Amino acid sequence: MTSSPARRPRRSIRADKASKIESPAGERMYLEIFNAISEQRLQPGTKLTEEALAEAFGTSRGATRLVLQALARDKVVTLEPNRGAFVAKPSPAEAREVFDARKVVEVALAARVVECIDAAGIARLREHIEKETLAEQAADRSAELRTSHDFHVLLAQLYGNSVLHELVRDLMARSALITAIYEHPHSEACSHSCHGELVDLLEGNKTQFAQAMLAHLEDLESQLVLIEPKATQVDIKTLFADIPK
């Protein structure tokens, strides 16, 4: 197994988000809104008013605006000039395009990763799978989605191409929202067991890794029910009423 060249350390996605928001209260608001979207308590297209969110979380409108901007960078929220912020609303056609892009990018990445992955990289992947296992055991669906998609980002990070890393990270952000919206109610998550089998191939039969990645992505896409969701009205203050100020 060949060693990968020395790479400049990069921070995790969660660290990037925290640094953009730059306050514990802002990070908490980010996670609460993200969770509400991934758990479908906030539906696609719902308007997120700064005033209502600021009152619900006991923060200023300026701090709320920074959180909405961070959510927009992660493709979870869209900011529309003169209209405000809305929960992102990926269409079924966009969902198909995102998964098509994932298959093009991630299968090619998988073919390259096998050339440079080393024992340290395998260990990092195994460590991440343990995080996925804990998220599944905790029955926290939003945490499951985040850690599951972060596995794919970690693969790109281990490859060491910063442009590709950013591309995969953006695709995963969009994919996480699509999965939260369109996932079949009885489908299984992109689970630790699936990822464990992929890592087994990285350690064993590397020639099958890229094809296994393609099969994995096709299986994930097959678990989506790509029908436009119905718009619903939600009272932001009531939704987040129990959040400690």
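This is a predicted model: local features need pLDDT of at least 70, side-chain atom pairs count only at pLDDT 80 or more; totals for chains, interfaces and linings use all residues.
Biologist: OK, and what share of the residues counts as buried?
Modeller: That would be 49% of the chain's 245 residues.

Biologist: What about secondary structure, how many helices and strands?
Modeller: There are 11 helices and 3 strands. Going from the N terminus, the order is α-α-β-α-α-β-β-α-α-α-α-α-α-α.

Biologist: Switching to charges: how many salt bridges does a search of the whole structure find?
Modeller: It turns up 10. One of them pairs the side chains of Arg65 and Glu50, at 3.0 Å from N to O. Arg65 sits in helix H4 (residues 61-73) and Glu50 in helix H3 (residues 50-57), so the bridge ties together parts that are 15 residues apart in sequence.

Biologist: Is Glu50 buried or exposed there?
Modeller: Buried, because its relative accessibility is 17% and the cut-off is under 20%. Arg65 is partly exposed at 37%.

Biologist: Now Arg126, which residue does it form a salt bridge with?
Modeller: Asp200, and their closest N and O atoms are 2.7 Å apart. This pair links distant parts of the chain, with Arg126 in helix H6 (residues 119-137) and Asp200 in helix H9 (residues 192-203), 74 residues apart. Arg126 is partly exposed at 28%, and Asp200 is also partly exposed, at 43%.

Methods:
Residues are numbered from 1 along each chain as its sequence is written. Side-chain values use heavy atoms; hydrogens and water are left out. Helices (H or I, at least four residues) and strands (E, at least two) are DSSP runs, numbered from the N terminus. Buried means under 20% relative accessible area, exposed over 50%, partly exposed in between (1.4 Å probe, protein chains only). A salt bridge is a side-chain nitrogen of Lys or Arg within 4 Å of a carboxyl oxygen of Asp or Glu.
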